[in-house]
Amino acid sequence: MRSLWGSVSLLRAIYHNCRNCLAMASINGIPNREPTKTAPGMTPRVQNGKLPKNGFHRGVASTQQSKSSYEQVPLHTACFTYLGFYLLMILGYINQLFFTPKVATEKFRDGYVPLYDSFEKFYLRYVYRRVRDCWNRPICSVPGSEVVLKDRITKDYGWSFEFTGTETKCLNLGSYNYLGFAQNEGPCADESEECIRTHGLAACSSRRELGTNPLHNELEALTAKFLGVEDAIVFGMGFATNSLNIPTLISPGCLVVSDEKNHASIILGLRLSGATPKVFKHNNMKDLERVLRDSIIAGQPGTGKPWKKILIIVEGVFSMEGSIVKLPEIIALKKKYKAYIYLDEAHSIGATGPSGRGVLDYYGVDPNDVDILMGTFTKSFGSAGGYIAGNKRLINFLRVHSHAHCYASSMSPPVTQQILTSMKIILGMDGSSEGKHRISQLARNTRYFRKRLAQIGVITYGHEDSPVVPMLVYLFSKIGAVVRTLTTKNIAVVGVGFPATPIMEGRIRFCLSAAHTKEQLDYALSIIDEISDTLGLKYSRKPKDFSPIEY
């Protein structure tokens, strides 16, 4: 009866969601995200009447027009997306009623409260299982411009998998390898190998005890120099850099204003801190100011006392949306309302800006205007770990009080050396122009790929300078169809759907790299064009510009 009642509730939800779709359409497509505007006093830096050739510039926008795209879903697609998803749910409930799942069951648990949420169990077994083969695919190579997948099959509709013993080499459009440093040969690999001989594999201790070695001190000094700030501290895990340091910086009685699309590590850190979180609409400066103003007027809940401190948390490049934060406008609001800024540059450091120094470099703003700079070494540097940078007082405070610094194992020497070598290449300290070449190559690949997708007629999200390119497919079934079809064409991509995204925004997320060649991108684009016709992915209603695109 409980499952039957769940099916009735789903049918009601279908009706209400479809009615909401009609209501949204009647609003005539008003976007729910504020378009990018040029901040007062910010203009593109022009060199001899032209923008820099690497595709990046210092300034908020090259024109008054928006450089971010968030085209709305067509009405019929919205209705079919809801209907398709809820049909899967209904079929799942029917399956649950009449068929016993092929999973291990716990014994001797009579009287115990269920360890797992019932809906979570249902969703994993009867909805996600249908497309489970499209996720968590094992690889057996470095995730460079190409990646080797270990082939596997399922004989019981996704309940279990077994390896076939074969492998498939694919063009890699799914890994965060922005500057192409994910290599098992070259200076980074050679110096990391040599580092193992001199420093070993790991200290097996925290930084506060026996885990600090000269490589850590060198990396912190180089990171501070790279970012243009006084000091930096590094950690062995990027996720923990947020989740374990945010509670060190804020406490109950503090206000945190967080973008609605912020990463899970930030959200976990906020929950652990006990501070009061307030969420503003993604990259919407009017809504951010509204939340700041209303929260300051109201004060702390229950007492109305002034907030101990106010912290604005945003990301440089948002990993699911492909958008770039409007940093100059946020800095202006920070100064107006006397707040602090915590900037997560996990996806922007190395990947944006003329020198690869992140969104501060991209916009040409003073690093001292951002109070707390955070980033990771996993994406652009081909390694692991994270950092927090800022003034010496902040960093010294973290060296004493940070849980990640005091209790977690320190970064291993070969991982540290990989970051040092790659960062020196970016800075040109190796005596070559390899770093500049990789940065400009990534910028060219990003612009070229996004413009070609626009010509194809698919809907993409995000900023035209963001190497994260989400292509909207909407329907849950189409996520699996696209991932499987591209794999047969030797292209590896990442599909993203509910609950990682809203039900209405299922997508394929392409991640571009400086290691990709034009020929590789052209091949991928030709296949995307082909399957977009077959699967009906050309949703865009924007006018298309078919003039040749300069690479």
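**Close-up views of the predicted model**

**View 1. A nonpolar surface patch that includes Leu-87.** Leu-87, Leu-91, Ile-94, Leu-97, Phe-98 and Phe-99 make a nonpolar surface patch of about 630 Å². Patch members have over 30% relative accessible area and no salt bridge, and nonpolar side chains (Val, Leu, Ile, Met, Phe, Trp, Tyr) are joined within 5 Å, like charges within 9 Å. A salt bridge is a side-chain nitrogen of Lys or Arg within 4 Å of a carboxyl oxygen of Asp or Glu. Areas follow the Shrake-Rupley method with a 1.4 Å probe, and for residues only the protein chains shown count as cover. Leu-87 belongs to helix H2 (residues 75–98); helices (H or I, at least four residues) and strands (E, at least two) are DSSP runs numbered from the N terminus. With 47% relative accessibility, Leu-87 is partly exposed, where buried means under 20% relative accessible area, exposed over 50%, and partly exposed in between (1.4 Å probe, protein chains only).

The model is predicted: local features need pLDDT of at least 70, side-chain atom pairs count only at pLDDT 80 or more, and totals for chains, interfaces and linings use all residues. Residues are numbered from 1 along each chain as its sequence is written, and side-chain values use heavy atoms, with hydrogens and water left out.

**View 2. The largest nonpolar core.** This core has 111 residues, and Leu-327, Leu-343 and Phe-510 have the most contacts inside it. H2 supplies the largest share of the core, 7 residues. At least three core residues come from each of domain 1 (75–103 + 116–172 + 436–535) and domain 2 (187–427). A nonpolar core is a set of buried Ala, Val, Leu, Ile, Met, Phe, Trp, Tyr and Cys residues joined through side-chain atoms within 4.5 Å; domain bounds come from an automatic or database domain assignment.

**View 3. An open sheet of 3 strands.** The strand order is E2-E3-E13, with mixed pairing. E2 (146–153) and E13 (491–492) are the edge strands, each with a single partner, so one side of each has no neighbour in the sheet. E3 (residues 162–172) pairs with E13 in the parallel sense over 2 bridges; pairing requires at least two DSSP bridges between strands. Leu-171 has Ile-491 of E13 as its bridge partner.

View 4. Most residues other than glycine have a negative phi, and most peptide bonds are trans. Tyr-157, in the loop between E2 and E3, has a positive phi near 60° and is exposed at 71% relative accessible area. Lys-338 lies in the loop between helix H10 (327–337) and strand E8 (340–344); its phi is near 55°, and it is exposed at 67% relative accessibility. Phe-498 and Pro-499 are joined by a cis peptide bond with omega about 10°, and Pro-499 lies in the loop between strand E14 (494–496) and strand E15 (506–511).
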